[in-house]
Amino acid sequence: MLIFAKIKDLEAFLLEQKAKARTIGFVPTMGALHQGHLSLIESAKKACDICVCSIFVNPNQFNDKEDLKKYPRTPEADIALLEGAQCDVLFMPSVDEVYPEAIHTKYNFGYLDSILEGAHRPGHFNGVAQVVRRLFEIVQPHKAFFGSKDYQQVMVVKSLVQQLQMPINIVACPILREPDGVAMSSRNTLLSPNERKLAGHIPVWMKHAAAMIRSGKSIAQTKQYINAEVIKHKDMNLDYFEICNANDLKILDDSSPCHSRIALIALFVGKIRLIDNINIDEFESPQLN
Ligand code: AMP
């Protein structure tokens with residue numbers, strides 16, 4: 001695997017590859033890699049000739065500076081995992097390389113930025129858009145691969161490439177889960193053993209909530225169920241739980257008919273904020289096993 005820290009070196013390599021008509025698949029990450037990330041690498045390798053992964057902990061998308069400080073960083077282990085996955089290129093730039101000067105660009109994602117993660121993490125998606133745009137301009141991939149765990153992020157990135165008219169195909173990939181159903185996440189490594197055990201409730205509650213909705217229970221009843229479960233655990237705090245239209249993330253109530261529903265949750269386990277989602281009307285989807 002080739003490892004680049006400098007934009008000009010990466011660009012020179014990619015120019016050569018594009019001259020040979022090779023297609024580029026791109027997987028942007030913040031490192032502390034796990035099998036979820038590697039599944040994106042696998043998808044990129046299948047779909048494209050060259051797979052480029054980036055590891056960059058983007059300060060601009062952290063609205064909480066403490067969260068940025070404690071974000072896990074495991075570069076040696078990441079390199080070993082990417083080598084094992086036969087990733088072709090790793091781009092690991094410094095903050096100064098990515099942002100030689102401060103970026104103040106403001107993006108408008110309208111409704112999408114006003115709900116769920118947008119509402120609870122002000123400025124987060126603007127920071128995501130800044131780094132994704134920058135990385136897309138550097139790598140200029142044919143396809144870029146994102147995980148559906150960050151469901152709203154995929155929609156924001158799709159909106160970004162549409163707004164900027166970038167010729168990049170955004171591919172959403174299924175959520176990979178631990179054996180107990182917990183969505184894989186770099187943040188899981190920050191949980192204490194007891195908190196990690198508590199996190200195991202999340203996929204159980206989400207499956208149950210999806211089953212409630214499918215069996216005709218009201219959204220209010222389903223929200224009550226989630227609230228009641230979370231409240232039983234003093235180390236868990238609910239940020240949000242919503243049932244949305246999976247196509248546009250419009251928040252649903254019982255009067256809104258919809259046949260493509262998704263339940264999304266964000267909650268704190270101790271000090272660690274976790275997110276998850278489940279597609280309600282495609283229960284047999286690869287999201288859950
Ligand atoms: P991150 O390093 O957390 O910024 O994630 C980088 C990419 O990996 C994003 O597109 C995430 O949605 C994706 N990702 C993170 N966790 C998972 C998972 N459990 N399954 C699939 N993709 C994931």
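Which residues in H7 meet which residues in H8? The tour begins with this pair of helices.

The structure is a predicted model, in which local features need pLDDT of at least 70 and side-chain atom pairs count only at pLDDT 80 or more, while totals for chains, interfaces and linings use all residues. Residues are numbered from 1 along each chain as its sequence is written, and side-chain values use heavy atoms, with hydrogens and water left out.

**Stop 1: H7 and H8**

Select helix H7 (residues 124–139) and helix H8 (residues 151–163). Helices are DSSP runs of H or I with at least four residues, strands are runs of E with at least two, and both are numbered from the N terminus. On the H7 side, display Phe125, Val128, Ala129, Val132, Arg133 and Phe136; they meet Gln152, Gln153, Val156, Val157, Leu160 and Val161 of H8. Contact here means heavy atoms within 4.5 Å. This contact comprises nine nonpolar, two polar and one charged residues. In this classification Ala, Val, Leu, Ile, Met, Phe, Trp, Tyr, Cys and Pro are nonpolar, Asp, Glu, Lys and Arg are charged, and the others, Gly among them, are polar.

The axes of H7 and H8 are 10 Å apart and form an angle of about 55 degrees. Axes are lines fitted to C-alpha atoms, for helices over the stretch in contact, and angles run from 0 to 180 degrees between N-to-C directions. H7 and H8 are therefore oblique to each other; angles under 35 degrees count as roughly parallel, over 145 as roughly antiparallel, 65 to 115 as roughly perpendicular and the rest as oblique. Their crossing is right-handed, a term for the near helix being turned clockwise from the far one by less than a right angle (anticlockwise is left-handed).

**Stop 2: H1 and H7**

From H1, select Ile7, Leu10, Glu11, Leu14 and Lys18, and from H7, Arg134, Ile138 and Val139. This contact has five nonpolar, no polar and three charged residues.

**Stop 3: H10 and H11**

Next, select H10 (201–214) and helix H11 (residues 219–231). Their angle is about 160 degrees and their axes lie 9 Å apart, which makes H10 roughly antiparallel to H11. Trp205, His208, Ala209, Met212 and Ile213 of H10 contact Ile219, Gln221, Thr222, Tyr225, Ile226, Glu229 and Val230 of H11. Eight nonpolar, three polar and one charged residues make up this contact.

**Stop 4: the largest cavity**

On a 1 Å grid over the protein atoms alone, a cavity is a set of points where a 1.4 Å probe fits but cannot get out, and lining residues have an atom within 4 Å of a point. The volume is about 80 Å³, taken as the space filled by probe spheres set on the points, with grid points joined across faces, edges and corners. Of the 13 lining residues, Val182, Ala183, Leu274, Ile275 and Asp276 lie nearest the centre. S9 gives the most to this lining, with three residues.

Definitions and conventions
1 Å grid on protein atoms, 1.4 Å probe; cavity = no way out; pocket = protein on both sides within 12 Å on 5 of 7 lines; lining within 4 Å.
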